[in-house]
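Here are my notes for you to read alongside the model. Have the sequence and the 3D view open and go point by point.

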Amino acid sequence: MVVRQWLWVLFTCALVSVGPVQAQVETASSQDDIAVAVRHSEYDPREYRALRFANGLQVLLIRDTGAPTWVLSINAGSLHDPVQVPDLARLAALSVTSASARRDWEAQTDNLYTHFVFHRSGNAPVADVAAILSGYAPAQADIARAQQNLADEMRAAKAISADDRRSDILNTLLLRKPQSPGVLVTPSASLVQLEHIAEDLQSFTQRYYRPARASLVVRTSAPLDSLESALRQGVGQLPPAPQATEVDIEARVDSEDLPLSVQAELDAEPQLQLHFPVQLESFRGTTKPYKLVSYLLQHRGEGSLVALLRSLGWADSIDTGFSELTENQGVYTVTVRLTELGSKARDQIAALVFYQLDQIRQKGLKAWRFDELAQSAEYEFRYHDWEQARSPLLLARRLHHVDAENVLFAPYQYGAYDEKLNRAFVDALRSDNALLLHPVERLTGGRQTVVTRTRFTASDAGETYPDIKLSVKRKLAFPESNNFVPKRLSMKETSLLGGARTDGVDVLAQKPTLQAWYFRPANTNTPTASVHLRLIFNRPSADAEAAARGLIWSRLYRDALDEALYDAQVAGADYRLLAHPLGLDIQLAGYNTQLGLMLNRMGQVYTDPWPLLERWQQARDALVASLSKGGSEMLHPIYFDQIAQWHYLPSWPRSDLLEALAGQREDAVRRIPQALRLESLFTGDIYRQEAQRLTALAEYYFLPKDAPGAEAAQLLTAEQGALIATVRDTELQVYLQAPGNQERDRVFTSALAQLIDGELVSQVNEAGEQLSPPIAVRAHTAPLAGRPGLRLAASAEVPVEALLQAVSLRLAEPDIGSKLAVIKRRWRHQGQGHSEFELSNSLWQELRKGYRGDERTAVAALNSSSVERYIKQLFAPRPINLDSFGSMEAYRGLYQLKGVGFNLP
């Protein structure tokens with residue numbers, strides 16, 4: 001399931017500290033070295049092991065699929081630079097990676113930490129870790145090379161993100177480092193003469209590059225026993241650092257100049273950010289006062305600040321986050337994502353944010369709300385945390401503040417509600433303690449930051465904001481109790497499943513207007529379920545105008561669900577909506593006890609659309625922006641894919657849709673599209689009888705009782721033999737249609753995509769001589785018009801024939817058999833480690849495409865010989881260049897149509 005928007009994954013990963021929980025402790029080879037069991041979800045397929053060495057180093061080992069990654073994090077950043085030598089921490093990191101034995105490591109340095117990252121396969125770099133943490137003295141040649149690299153970095157016009165620039169501005173305006181009077185400060189450590197900087201570097205590494213200031217996270221697919229043994233021998237034996245005689249330089253956050261209004265040259269979307277300096281105690285521990293404040297600020301339901309800003313046309317959403325500045329202080333950030341109209345109302349928006357914070361202080365801090373968040377977090381950790389990608393870097397950073405056994409559990413662990421601490425946290429979020437940051441494209445005059453050279457202006461923000469009308473205040477209200485949070489969760493009784501088949505799909509309904517399926521996998525082990533819905537509208541794409549109206553309606557419905565189901569998402573549910581030429585696809589997933597409540601809420605919104613239409617122009621503008629930039633999470637890829645558009649009827653080029661959207665009027669938009677057909681699939685831990693009731697509920701809400709007798713729009717289905725189609729834009733794309741539409745075709749095209757993707761394939765001439773340079777190829781499966789297929793992408797300059805020949809030769813090489821064996825082993829375990837959401841989506845796609853079959857037999861048939869024969873069929877047709885056809889109809893005339901169907905990928 002996707003990451004919940006209300007969870008602060010990025011920030012709390014680094015900052016949350018918890019007390020110890022009970023964990024099995026094993027005595028290690030050394031009396032003071034211990035291995036502890038890592039608290040994780042019982043459904044997590046990964047293997048974890050945590051080590052705490054007597055020298056202070058904490059280690060987390062993760063056995064997982066994918067490329068190996070080592071992250072060594074050291075509490076030594078730019079704030080630890082000596083007063084007289086700026087950039088010494090960066091120079092020390094570059095000295096490490098300049099050494100010939102450690103050039104496979106990459107270094108990142110921020111305010112507080114330096115992270116060393118190693119990605120290569122092969123022997124474990126235990127010796128490198130031991131060398132770095134020994135407080136080594138860098139060789140002079142390495143120092144000289146590092147100084148040159150640092151100077152090059154400072155001169156180079158490297159890509160700098162908007163986040164980097166914001167952090168640099170906050171450091172510039174809020175961070176104060178004590179200066180020693182009479183001490184000569186150099187501009188940069190890269191400019192200090194070698195004989196002088198060597199002593200500073202040695203002193204720096206001897207003090208900071210030590211086990212007690214470090215954490216190590218290793219993700220590997222290899223067994224952990226041998227790795228643990230190597231780490232005990234190579235790193236666990238390192239002595240602890242000698243006691244430091246000098247005190248760390250204490251930087252501090254200075255809020256004396258606040259409030260400030262700052263404009264900065266940032267390449268970012270329109271937004272207003274409010275930054276509040278706070279103490280880190282608010283973010284470390286189990287009391288988590290920021291969680292309740294963030295929930296109330298980010299809420300998108302009725303009465304929320306977000307709903308009000310959307311109704312005014314000023315903003316789309318509010319997000320919150322946190323960043324560290326010093327060891328003890330940081331900045332809590334409220335980001336309001338503005339519309340074009342909202343960019344002109346920043347003062348009013350800031351006033352509304354401060355008013356809402358004041359209301360939270362007076363009325364919003366309730367223990368029962370905190371308890372709801374705690375209950376949701378408990379379920380999230382148990383049933384969904386394992387689905388998240390594990391970032392070794394974030395985990396290594398978190399280990400500086402969290403005991404290793406709790407490193408996964410920390411963001412989800414809530415203690416008792418602390419009224420005093422919650423009020424103290426909200427008290428810090430005042431207008432006189434705020435830095436308001438607004439991005440602009442270009443500034444005249446102003447100052448520049450030192451690190452990123454970002455231009456900005458800063459002025460006194462004052463504390464006077466526009467008055468808020470009473471009628472506006474009355475529109476704001478805090479949410480009631482979250483009914484989507486389950487009171488208890490348990491699996492369905494197998495004995496009560498009522499004859500449900502665990503080896504196939506049951507048909508719940510099959511009639512002209514309704515098709516419904518039910519499937520409960522035999523290996524279901526979590527109390528979760530999913531529902532897929534496809535609404536097929538009455539000729540939604542008869543012309544571009546009708547298609548544009550259908551898209552506007554779909555966007556309005558998506559926005560309404562965003563508000564109506566926000567609490568459901570907080571409570572562990574998720575939904576996705578995809579608009580396509582036939583109508584709408586909706587996918588909903590959550591706990592089995594709440595599925596009916598969510599579906600009921602979705603249906604209520606669908607049958608009462610008129611409040612949505614007040615925002616139809618905002619929806620239209622959002623669609624225009626999505627179509628113009630070439631991507632959207634709610635628009636089917638067919639709207640952005642020329643090859644797909646040529647395979648489907650009806651479909652409309654983006655240029656036609658943009659023109660149609662621009663000409664829409666409110667009276668036309670009010671004609672809501674009628675659904676003529678409903679298709680649904682229910683999967684997961686629910687009874688068949690429940691699925692039948694949910695089917696009836698969906699039919700009640702989504703199918704009108706007086707549906708017109710017109711036919712639904714139809715999509716083209718290709719019945720001709722295999723086809724190769726090519727198109728050039730910024731790159732060459734080649735689509736190879738499978739020779740059939742059976743399970744064998746799906747399996748073989750999927751295997752070919754994995755064999756080719758990311759490969760460098762060599763070109764050869766007629767004499768078999770290799771040409772240069774090789775072709776970089778990207779490949780993925782591309783089912784179109786009811787048929788499996790394969791899509792290849794390469795540079796626009798590559799000839800089609802050269803690409804096909806090079807790929808054919810690559811697939812004929814001797815190592816293909818061994819690679820196929822690896823793919824087949826992976827497929828044998830493909831059900832493991834996948835969420836209910838992913839598995840149900842895969843089944844839904846198979847049902848929709850209609851080429852399900854015996855997958856096991858198809859996979860068993862995969863070998864080098866069968867693949868070679870299949871490639872000849874796949875590559876045999878003559879390539880057809882879509883650009884050579886004057887219209888879609890001319891291209892589609894190649895097909896001999898034997899039928900029509902509803903076959904979207």
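1. A charge counts as sitting over a ring if NZ of Lys or CZ of Arg is within 6 Å of the ring centre and within 35 degrees of the ring normal. With that in hand, look at R39: it lies over the face of F409, at 3.8 Å from the ring centre. Then find R102, whose charged end sits over the ring of Y136, 5.2 Å from its centre.

2. Some ground rules. This is a predicted model, where local features need pLDDT of at least 70 and side-chain atom pairs count only at pLDDT 80 or more, while totals for chains, interfaces and linings use all residues. Residues are numbered from 1 along each chain as its sequence is written, and side-chain values use heavy atoms, with hydrogens and water left out.

3. Now the aromatic rings. Rings of Phe, Tyr and Trp (its six-membered ring) pair if their centres lie within 6.5 Å; planes under 30 degrees apart count as stacked, over 60 as edge-to-face and the rest as tilted. A search of the whole structure turns up 21 aromatic pairs. In one of them, F204 and Y208, the ring centres are 4.8 Å apart and the planes stand at 55 degrees, so this pair is tilted. Both residues lie in helix 6 (residues 194–208), four residues apart, which is about one turn of the helix. Helices (H or I, at least four residues) and strands (E, at least two) are DSSP runs, numbered from the N terminus.

4. Are F204 and Y208 buried or exposed? Buried means under 20% relative accessible area, exposed over 50%, and partly exposed in between (1.4 Å probe, protein chains only). F204 has a relative accessible area of 4%, so it is buried, and Y208, at 4%, counts as buried too. Next take F381 and Y412: their ring centres are 5.4 Å apart and their planes are at 45 degrees, so this pair is tilted. F381 lies in helix 11 (residues 367–383) and Y412 in the loop between helix 12 (392–398) and helix 13 (419–427), so the pair ties together parts that are 31 residues apart in sequence. F381 and Y412 are both buried. Also have a look at Y43, Y379, Y383 and Y591, which form one aromatic cluster.

5. On to H115, in strand 7 (residues 114–118). Its relative accessibility is 3%, so H115 counts as buried. The H115 side chain makes a polar contact with the side chain of S73 (3.0 Å). A polar contact is a pair of N or O atoms within 3.5 Å; within protein, one must be able to donate a hydrogen and the other to accept it, and residues adjacent in sequence count only if both atoms are side-chain atoms.

6. Strand 13 (residues 315–324) has seven of its ten residues buried, so it is largely enclosed by the rest of the structure. A hairpin of four residues joins strand 13 to strand 14. Strand 13 and strand 14 (residues 329–338) pair in the antiparallel sense over nine bridges; two strands pair if DSSP finds at least two bridges between them. The bridge partner of S317 is R337 in strand 14.

7. Six strands form it in the order 18-19-23-20-22-21, with mixed pairing. Its edge strands, strand 18 (506–511) and strand 21 (574–580), each pair on one side only. Strand 19 (residues 514–519) pairs with strand 23 (residues 675–684) in the parallel sense over six bridges, and L514 stands opposite L678 in strand 23.
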